[in-house]
Amino acid sequence: MNSDLKTSGKSAGEQRFHLLACALLVAALFAAAPRARGQFVDPLQNIGQRPELLKDVGVDQKLNDEIPLDLTFRDEHGNPVELAQYFGSKPVILTLAYYNCPMLCTQVLNGLDRSLKEIPLSIGKDFNVVTVSIDPTERPVLAEAKQAMYTGMYGRPGAAQGWHFLTGDEPQIKQLAQAVGFRYAYDADSKQFAHASVIMVLTPEGRLSRYFYGIQYPERDLRLGIEEASHGKISSPVDAILLFCYHYDPHTGKYGLLISRVIQLAGGLTVLIGGIFLFFLFRGEHYTLPGRGA
């Protein structure tokens, strides 16, 4: 009977440990849920008030509006091009960024590249991607380097004919940004642009079909967005938690890299969960040792 009690006690201890482990796993999944949805909490909301630079920065969803396709830019080779030449037969993913950005622009393009590699549709064959610099001082040589890097990372043939990196003059840039609801600001002191991270999917006719926020874009949603846009469908407005490329650090009184704060928080959460998991693991082993030795 004593043996049965020991065995039963060991089983109960293991069950408690497994329940605790499951609870920790569920907590971790809930903590990661906003990231899985591609949504990020704006840390500025905890400050109480945005700094002046960010008061007019944001995204206005202008679904079903047609962008001005007659706007002229320079392609990655320095040739003058109209936006119209990238539309007509395929949907287009449009991104507004700037190539020397030390903040989230790279994360936006990296996240887009990762997601596009996971879907069966191919750049240049099923859709085009157009990235336009919001910095009028940037030149085609930089755009060409960006195109070579991202089409190389994408790794499928024909990508260089379907993913274009454009530069332009300020009037055209502002007109395009206004047409898609992309509100940004320039800080002369740091020589950086403040803006939200977003990509847009447009129909072959140049109408805004869908907005995706953040720096990660679920492959299934992105594929469906491209397919719907190819048939001229317009999505409904979505709730957006904006992730700013630029943010104010109240502790230093300076602007800093928001993504590093997000990574720090995620890393701290991982360490905490791992520590709790190990604590209960050792406790579980401690309670089962007497049963083994009896």
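Which residue does Arg220 meet in a salt bridge? I looked this one up before anything else. The side chain of Arg220 pairs with Asp221, with 3.9 Å from N to O. I then checked how open the two ends are. Arg220 comes out as exposed, at 56% relative accessibility, while Asp221 is partly exposed at 27%.

**Entry: what I am working with**

This is a predicted model, so I checked the confidence before going on. The average pLDDT is 78 for the protein, and 63% of the residues reach at least 70. I found a stretch at residues 247-266 where pLDDT stays under 50, and the model gives that stretch 31 contacts beyond four places in sequence. Residues 289-294 also stay under 50, with 2 such contacts. Where pLDDT is low, the coordinates should not be read in detail. I am leaving both stretches alone.

For the overall layout, I noted 6 helices and 13 strands. Of the 294 residues in the protein, 43% are buried. I also looked at how far along the chain the contacts reach. Taking those between residues at least 6 apart in sequence, 76% join residues at least 24 apart.

**Entry: salt bridges**

How many salt bridges does a search of the whole structure find? The search gives 7. Side chains of opposite charge can pair when their charged atoms come close. Besides the Arg220 and Asp221 pair, I wrote down two others.

Arg207 pairs with Glu66, and their closest N and O atoms are 3.6 Å apart.

Asp169 is partly exposed at 41%, and Arg74 is partly exposed at 21%.

**Entry: cysteines**

I searched the whole structure for disulfides and got 0. I checked the burial of two cysteines while I was there. Cys101 is buried, with a relative accessible area of 7%, and Cys105 is buried at 1%.

**Entry: helix H3**

I checked the length of H3 (residues 140-154) against expectation. At 1.5 Å a residue, its 15 residues should span 21 Å, and the end C-alpha atoms are 21 Å apart, so the two agree.

Which residues of H3 are buried? My list reads Pro140, Ala143, Lys146, Gln147, Tyr150, Thr151 and Tyr154. Looking down the axis of H3, I see these buried residues within an arc of 115°, so they line one face of the helix. An α-helix has 3.6 residues a turn, so residues three or four places apart point the same way. On the other side of H3, the exposed residues are Val141, Ala148 and Gly152.

What do the buried residues of H3 pack against? They pack against strand E2, helix H2 (105-117) and strand E6. Just past the end of H3, I noted that Gly155 has a positive phi of about 80°.

Met153 belongs to H3 and is partly exposed, at 35% relative accessibility. Leaving out residues up to four places away in sequence, Met153 touches Asn110, Asp113 and Lys117. The C-alpha atoms of Met153 and Asp113 are 7.5 Å apart, although the two residues are 40 apart along the chain.

Is Asn110 buried or exposed? At 17% relative accessibility, Asn110 counts as buried, because the cut-off is under 20%. With the nearby sequence again left out, Asn110 touches Tyr150 and Met153. Tyr150 is one of the buried residues of H3.

Definitions and conventions
Residues numbered from 1 in each chain as written. Heavy atoms only, no water. Salt bridge = Lys/Arg side-chain N within 4 Å of Asp/Glu carboxyl O. Buried < 20%, exposed > 50% of the residue type's maximum accessible area, 1.4 Å probe, protein only. Helix = DSSP H or I, 4+ residues; strand = E, 2+ residues; numbered from the N terminus. Expected span 1.5 Å × (residues − 1). Arc of directions from axis to C-beta. Contact = heavy atoms within 4.5 Å. Disulfide = S-S within 2.5 Å. pLDDT = per-residue confidence, 0-100.
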